[in-house]
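Please open the structure in a viewer and keep the selection panel at hand.

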Amino acid sequence: MHFTVSRYQNPVSRYQNPDMKTLLLSTSEQDISAAGAIIRSGGLVAFPTETVYGLGANALDENAVKSIYAAKGRPSDNPLIVHVAKKEDIAPLVQEITPQAKALIDAFFPAPLTVILPKSDIIPNATSGGLGTVAIRMPQNEVARAVIAAAGVPVAAPSANTSGLPSPTKAKYVIDDMFGKVDAIIDGGDCAVGVESTVITLATDTPTILRPGAITKEMIESVIGKVEIASAVLGELGENETAASPGMKYKHYAPKAEIVIVDADKTAYENFVNTRENAFALCFDDDNVTIPHITYGSESDDSEQARELFDALRKLDEIGARRVYARMPHKDGVAMAVYNRLIRAAAFRVIDLKKPFTIGLTGATGAGKGYVCEQLKARGFNIIDTDKIAREVVQKGSPLLTELAATFGGDIIKNGELDRALLAERAFADKSQTAKLNAIMHPAIIKRCIELADGLTVLDAPQLFEANAQDKCYKIVAVTAPKELRIKRITARDGITAEQAKQRVAVQFDDEYYKAHSDFVIVNDGGDITGQINNILDTIL
C-alpha cells in the first residue's frame, strides 16, 4: 500500500484566524467524501468514533499533524493515534506486525483498541510525539472508517476537544471547543463507548496496557497471554517518565470545575457530600444525594459509567459547578478506564473515607493540639481524644492493669486502680521503658478509637507514629511549637516542674521528624492558627 503525503501551506497560522469558517457536515456519502478530501489536502476534520469524537489530519503530513496540536493547544510531546480503515493499511506504518500484534488485530479489529509497535520511516515525529513507536487503531464506528477511506491516507486523530478538557462524546461539545479552529465537523450522534480506546504497547518485553478502555486486560490476555498494567494507569506518570500513550499526563479530561474523588461506600459518601456547603456531586444513579448533582450511570454498570462520564463532566460546567465531590468507581474491568479518566480529571486529588480517620492530628506534648481540635470540632469533625481513651482502657478491672503491673511493678496498682503518676515516672524514665508502655497501651487504644470513628473523624494522637497508626489516617497534620514554649505550657497544664517537663520532651520526636512524616504542619507559636487550619481543610476537602 502506498500513501501520498500532501502539504498544506502554513497550517499553524490559520488557527490564529478567528474568522476561519468551519463546515458542519452530516454522515451522508457526499459529506463524508468532502471530509476525506479536506484531510487529504492537509486540513482538519472532527468526526465520530465509537469511543469519542476524533480530530483527524493526514498522519503522514507533518504540517497537518502540527495543525492538530495548534487547534487543541496540545503539547507536542503527547503522541497521537493513527487510524486506518482496513487491516492491510497497517503494514506500511510499522517495522513489523509481530505475532502478538497479528493475534490482537485478528481477534479484535475493528475495535476500541490501539496497538503500539515500532514505527516505519513514513511516520513523522510530529505524529509519534518524537518516539520510535506508533499507535495504530482501526475504529469500529462505520462513519469513522468511511472518512478514513475517503481520505485515502492514515488519519492521526486525538480527541476533538481543547487539550485538557473532557473528551467529547457528542457533536455539540466538539462545536463548543473546535468551531472556528478546524475545517469541518461531522455530526455522527453520540459515541457508543464513551471513553478512549485501550492502548497496549507491544514494544516492550511484556505487553503493557498504557491506557485502559472497553477492551479489558482479561479480554487481551485471553488472546496473547500475560499482560501488565503500567503504573501510570492507576497512578501518576513518573517525574522523568515519558508519555508513551495519549492520556498519561498528570491532569487530563478535566472540566473547569475542581474535582475531588471521594473513596467511600454508598452510605459514607452520601453522609459526606450531603453536609458539604456550596458544593456539587458527581455520583451514581442510585446514590441518595441532596446537594446539586450530576450522575454518571449505575454503580453496577461499568459500561454505562464509561459512556456517561465525559458527558457528566461537561454538564458540571454547564450548571456552574465549582467544587465537585465525585464518587469513586471500581478499578477493574471497564471501570478501570473510568477510574483512569476520573483520577486525572481530579489531578489525583482523593479523599479516602475508607480509612477510619480523616485526619491524624499529632505533635509533641505542649505543642497546642487542643486548640486545633476545638477549631476542627467547630467545623463538624468528630474528635477522638486518645488521651481520654488511654484512661478508659485502664479503668478498674481492665486486663491491661495486670500487664502493666507485671512490667512496671505491682505497686502502680492501688486499690485496683492505676497510679498514673507513678506509672508515668517509671515509663518516661528512658526511651526503653517508654517503648514497653507503648507496646502494651497502643494496640488497645487504637482498637477502641477505630470503634468510635464515624464520618469526618480526627484522631487526636500525640503518639500517632509511635502507635504505628498513621496508615489508618487519610492525612497527617502535625502541630509544632518552640521547645521553650512547650515546656512552659506543660508545667502550667500539668502542675509539674520544668525539669519534669523537659524529661517528657526529651523522649518524644523532635519537630523535624514531625515535619518529615506529616502531610501538613501547623506552627502554634502565637500566630494565625485559624488561617493555617483553613488552608489545610481547603486543600484536603
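With which residue does Lys 217 form a salt bridge? Select Lys 217 together with Glu 221: the two form a salt bridge, with their closest N and O atoms 2.9 Å apart. A salt bridge here is a side-chain nitrogen of Lys or Arg within 4 Å of a carboxyl oxygen of Asp or Glu. The model is predicted: local features need pLDDT of at least 70, side-chain atom pairs count only at pLDDT 80 or more, and totals for chains, interfaces and linings use all residues. Residues are numbered from 1 along each chain as its sequence is written, and side-chain values use heavy atoms, with hydrogens and water left out.

Remain on helix H7 (residues 217-224), where Lys 217 and Glu 221 are separated by about one helical turn because they are 4 residues apart. Helices (H or I, at least four residues) and strands (E, at least two) are DSSP runs, numbered from the N terminus. Lys 217 is partly exposed, at 24% relative accessible area, and Glu 221 is partly exposed at 25%. Buried means under 20% relative accessible area, exposed over 50%, and partly exposed in between (1.4 Å probe, protein chains only).

Next, select Phe 108, which lies in helix H3 (residues 99-108). Phe 108 is buried, with a relative accessible area of 15%. Beyond its neighbours within four places in sequence, Phe 108 is in contact with Leu 113, Ile 215, Met 219, Ile 220 and Val 223; contact means heavy atoms within 4.5 Å.

In helix H3, select also Lys 102 and Asp 106, which lie 4 residues apart, about one turn of the helix. Their side chains meet in a salt bridge (2.7 Å, N to O). Lys 102 is partly exposed at 48% relative accessibility, as is Asp 106 at 45%.

Move on to Lys 170 and Asp 190, a salt bridge whose closest N and O atoms are 2.8 Å apart. This pair links distant parts of the chain, 20 residues apart: Lys 170 is in the loop between strand E7 (155-156) and helix H6 (171-178), and Asp 190 is in the loop between strand E8 (184-186) and strand E9 (198-201). Asp 190 is exposed, with a relative accessible area of 55%.

To place these pairs in context, a search of the whole structure finds 21 salt bridges.
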